[in-house]
Amino acid sequence: MTPRQNRHRDRAGRGIPEATVARLPVYLRALTGLQERDVSTVSSEELAAAAGVNSAKLRKDLSHLGSYGTRGVGYEVEYLVYQISRELGLTQDWVVAIIGVGNLGRALAGYGGFASRGFRVAGLLDADESIVGQEISGMTVEHIDGLEDMIAGHGVSIAVIATPAGAAQGVCDRVVAAGVTSVLNFAPVVLSVPDGVDVRKVDLSIELQILAFHEQRKAGGPDGFAPLPPGDAPPGAAQYVERVEA
Ligand SMILES: NC(=O)c1ccc[n+]([C@@H]2O[C@H](COP(=O)([O-])OP(=O)(O)OC[C@H]3O[C@@H](n4cnc5c(N)ncnc54)[C@H](O)[C@@H]3O)[C@@H](O)[C@H]2O)c1
């Protein structure tokens, strides 16, 4: 493993692998479902089945949090929810700004799931004068000129970019210069950021391509079940398979 990969792998801190970090929200969702049904303890097998992973992997993942369960009893649901939430930084509120209030930005602004997971949308910003001033999901859209003031005034720590591709890098540079170190990018462009800034890119078309790739293989594909040559896999497929299988 190169030093860069190593850094990436340990970025979550305390040596928790990125693949484990990526599965923690899945465990959390399964545990929240158990809490809603007043289940107080759960075996690793039950939790693994609810989360869609194998139980050995689940036990290994949870051991990174110092959680080993009790033989014959399993894991205490409430405590595990607390441990995972703490590890993911969900025991504190995170302030989010949504930049670009078109179709996607509006949908995100109206999504109730953010607040219940500890993400507070502090504001919506757009460059279009006809959108600025509109009331969306109880918030007034502000002009992008006020970006830096909003970040400083509300303590924004996560910027969601939902602008067209051509505007995304400029917006990203501004949020980073204003001190934001986490960016969720929906624009179909790879953003350049300095060290210490985390960018997560959401691209539904890549996810669809990956599903199409797996559908094709399930159906026998052009070459039966033989692995497709690398050039035939959609972008992100190898990464996805790695993410799922790690
Ligand atoms: N990731 C995904 O799966 C996915 C899905 C749909 C759309 N998208 C992408 O998300 C982005 C938004 O899509 P949409 O359908 O909402 O587009 P849209 O055109 O409806 O909205 C974009 C908004 O960004 C604003 N904008 C433009 N330049 C800006 C700037 N410099 N600062 C602030 N605001 C600015 C526009 O005024 C507009 O309101 C696009 O890049 C699109 O390709 C991604």
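Ser182 stands opposite Asp198 in strand β9, where helices (H or I, at least four residues) and strands (E, at least two) are DSSP runs numbered from the N terminus. The structure is a predicted model, in which local features need pLDDT of at least 70 and side-chain atom pairs count only at pLDDT 80 or more, whereas totals for chains, interfaces and linings use all residues. Residues are numbered from 1 along each chain as its sequence is written.

The pair formed by Ser182 and Asp198 belongs to the contact between β8 and β9 (residues 198-201), which run parallel and are joined by 4 bridges; two strands are taken to pair if DSSP finds at least two bridges between them. Strand β7 (residues 158-161) is likewise parallel to β8, again with 4 bridges, and Ser182 of β8 is the bridge partner of Ile158. Between β7 and β8 the chain passes through helix α9 (residues 165-177), giving a right-handed β-α-β crossover. A crossover is termed right-handed if, with the strands pointing away from the viewer, the path from the first strand over the helix to the second runs clockwise. Strand β8 itself (residues 182-185) has Val183 and Asn185 on its covered face and Ser182 and Leu184 on its uncovered face. In a regular strand the side chains alternate between the two faces of the sheet.

These strands are part of an open sheet of 7 strands with mixed pairing, in the order β5-β6-β4-β3-β7-β8-β9. Strands β5 and β9 form the edges, each pairing on one side only. Strand β3 (residues 94-99) is parallel to β7 over 4 bridges, and Ala97 has Ala159 of β7 as its bridge partner.

The loop between β8 and β9 contains Val193. Beyond its neighbours within four places in sequence, Val193 is in contact with Cys172, Val176, Val183 and Val199, a contact requiring that the C-beta atoms of two residues, placed from the backbone, lie within 7 Å. The C-alpha atoms of Val193 and Cys172 are separated by 7.9 Å, the two residues being 21 positions apart along the chain. Val193 counts as partly exposed because it has 17 C-beta neighbours inside 10 Å; a residue is buried if 20 or more other C-beta atoms lie within 10 Å of its own, exposed if 12 or fewer, and partly exposed in between.

The ligand is surrounded by 26 residues, of which the closest are Gly100, Gly102, Leu104, Asp128 and Leu204. A residue is assigned to these surroundings if its C-beta atom, placed from the backbone, lies within 6 Å of the molecule. Elements α6 (103-109), β4 (119-126) and α9 each supply at least two residues of the shell. Helix α9 gives the most, with 4 residues.

Ser137 is placed in the loop between β5 (135-136) and β6 (139-143), and its 14 C-beta neighbours inside 10 Å make it partly exposed.

The unreviewed UniProt entry annotates residues 26-65 as "DNA-binding region"; annotations of this kind may be inferred rather than shown by experiment. In the model, this span is 70% helix and 5% strand, and its end C-alpha atoms lie 15 Å apart.

Overall, the protein has 11 helices and 10 strands. Buried residues make up 23% of its 246 residues. Of the contacts with a separation of 6 or more, 55% involve residues 24 or more positions apart.

The model scores ipTM 0.97 and pTM 0.71. The mean pLDDT of the protein is 84, and 84% of its residues reach 70 or more, pLDDT being the predictor's confidence in each residue, from 0 to 100. Among the elements, α9 has the highest mean pLDDT (98) and helix α1 (residues 3-9) the lowest (38). Over residues 1-13 pLDDT stays under 50, and the model has 8 contacts beyond four places in sequence for this stretch. Residues 233-246 also have pLDDT below 50, with 16 contacts beyond near neighbours in sequence. Where pLDDT is low, the predicted coordinates should not be read in detail.
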